[in-house]
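Work through these exercises with the structure open beside you. Try each task before reading its solution.

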Amino acid sequence: MTFAPLLLILFIALTTTLSHGKSKPKPTCKYPPSQWCRSLEIAIECGVQKQCLELNATRPNPSVPPVEVTVFYESLCPGCRAFITHQLFPTWAMLHDIMTVNLVPYGNAQEIPSGNAPFTCQHGEFECHSNMIEACVIHLAGHSAFDVIYCMESAANVTNAGQPCLLLYAPSVTWEEISNCEKGEQGYKLMHYYADMTKDLSPAHTHVPWITFNGEYSVEFEDKAMSSLFKLVCQLYKGGQPPACTGAQKKLDRSFC
């Protein structure tokens, strides 16, 4: 789940070049802006290889492991939605090169194998439905999954936002695929997997969002994450601090005509 933060940066860069009468993304580019720098081939097809190469120059040492942030949440929990939209996504947008995000949409749900419905959720049936949709998005949308889920969690109606958010951020995945996953065996397998992940937490979770850093939970880190996740990720990263953490701007070699 990377590269979505390039959307804003590339829009700014491309707006600048357009204002000087230079190149713009090719009309045949079939990828959303969040995917333009995913590979050299896509960057060339979309006509933004120069901007992508410049962005690559600011990336940290790949040999240093990123900070792994795992969020156990439920889709309709107000606190979870606030954390995802106000802390997690904005931090990831700025620090995606030094952090990875894992989303576990299960939370305080309960698995009932012998019941008519295999799961019950804290905020009712709609939450179970939305949890499973988001699980299927994570499974099928790859790098674009977090963009889709952020879009959904930002909306007034999480469930109804699923289809338009998918079309906007992961157009290569059809809503039919998500629906088949959510209504079929795959969706239940994903939810069972997330249920096991949640049950295996040590210490056991007492609320959501429940946030672990590099696989570990602590009250101290949770308090810091709720206050400023951005600052905490910068502190936990063991490599050289990227410009976003220090506030410094790295000068790039550029040529002008």
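This is a predicted model: local features need pLDDT of at least 70, side-chain atom pairs count only at pLDDT 80 or more; totals for chains, interfaces and linings use all residues.

**Exercise 1.** Which unit do S1, helix H4 and S2 make?

*Solution.* Now find helix H4, residues 78–95. Together with S1 and S2, helix H4 makes a right-handed β-α-β unit.

**Exercise 2.** In which sense do strand S1 and S2 pair, and over how many bridges?

*Solution.* Locate strand S1 at residues 67–73. Strand S2 covers residues 99–105. The two pair in the parallel sense, over seven bridges. Next, look up individual partners. Valine 69 has valine 101 in S2 as its bridge partner. For phenylalanine 72, the bridge partner in S2 is valine 104.

**Exercise 3.** Give the strand order of the open sheet, and name its edge strands.

*Solution.* The sheet has three strands in the order S2-S1-S5, and the pairing is mixed. S2 and strand S5 (210–213) pair on one side only, which makes them the edge strands. Neighbouring strands of this sheet are turned by 15° against each other on average, with direction ignored.

**Exercise 4.** Is strand S2 largely enclosed or largely open?

*Solution.* Count the buried residues, using under 20% relative accessible area as the cut-off. Five of the seven residues of S2 are buried, so the strand is largely enclosed by the rest of the structure. Then see which helices lie across S2. Helix H9 (residues 185–199) lies across S1 and S2, at about 110° to S2. Helix H10 (residues 219–236) lies across S1, S2 and S5, and runs at about 25° to S5.

**Exercise 5.** Describe how H5 packs against H6.

*Solution.* Two packed helices are described by the angle between their axes and the distance between the axes. Helix H5 (residues 125–141) and helix H6 (residues 145–154) pack at about 155°, with axes 8 Å apart. Angles over 145 degrees count as roughly antiparallel, so H5 is roughly antiparallel to H6. On the H5 side, the contact includes Ile133 and Val137. On the H6 side, Val148 and Met152 are among the residues met. By class, the contact has eight nonpolar, no polar and two charged residues.

**Exercise 6.** At what angle do H5 and H9 pack?

*Solution.* The angle is about 95°, and the axes are 9 Å apart. The range 65 to 115 degrees counts as roughly perpendicular, so H5 is roughly perpendicular to H9. The contact residues of H5 include Met132 and His139, and those of H9 include Leu190 and Tyr194. Sorted by class, this contact has eight nonpolar, four polar and no charged residues.

Terms used
Residues are numbered from 1 along each chain as its sequence is written. Side-chain values use heavy atoms; hydrogens and water are left out. Axes are lines fitted to C-alpha atoms, for helices over the stretch in contact, and angles run from 0 to 180 degrees between N-to-C directions. Helices (H or I, at least four residues) and strands (E, at least two) are DSSP runs, numbered from the N terminus. Angles under 35 degrees count as roughly parallel, over 145 as roughly antiparallel, 65 to 115 as roughly perpendicular and the rest as oblique. Contact means heavy atoms within 4.5 Å. Ala, Val, Leu, Ile, Met, Phe, Trp, Tyr, Cys and Pro count as nonpolar, Asp, Glu, Lys and Arg as charged, and the others, Gly among them, as polar. Buried means under 20% relative accessible area, exposed over 50%, partly exposed in between (1.4 Å probe, protein chains only). Two strands pair if DSSP finds at least two bridges between them. A crossover is right-handed if, with the strands pointing away from the viewer, the path from the first strand over the helix to the second runs clockwise.
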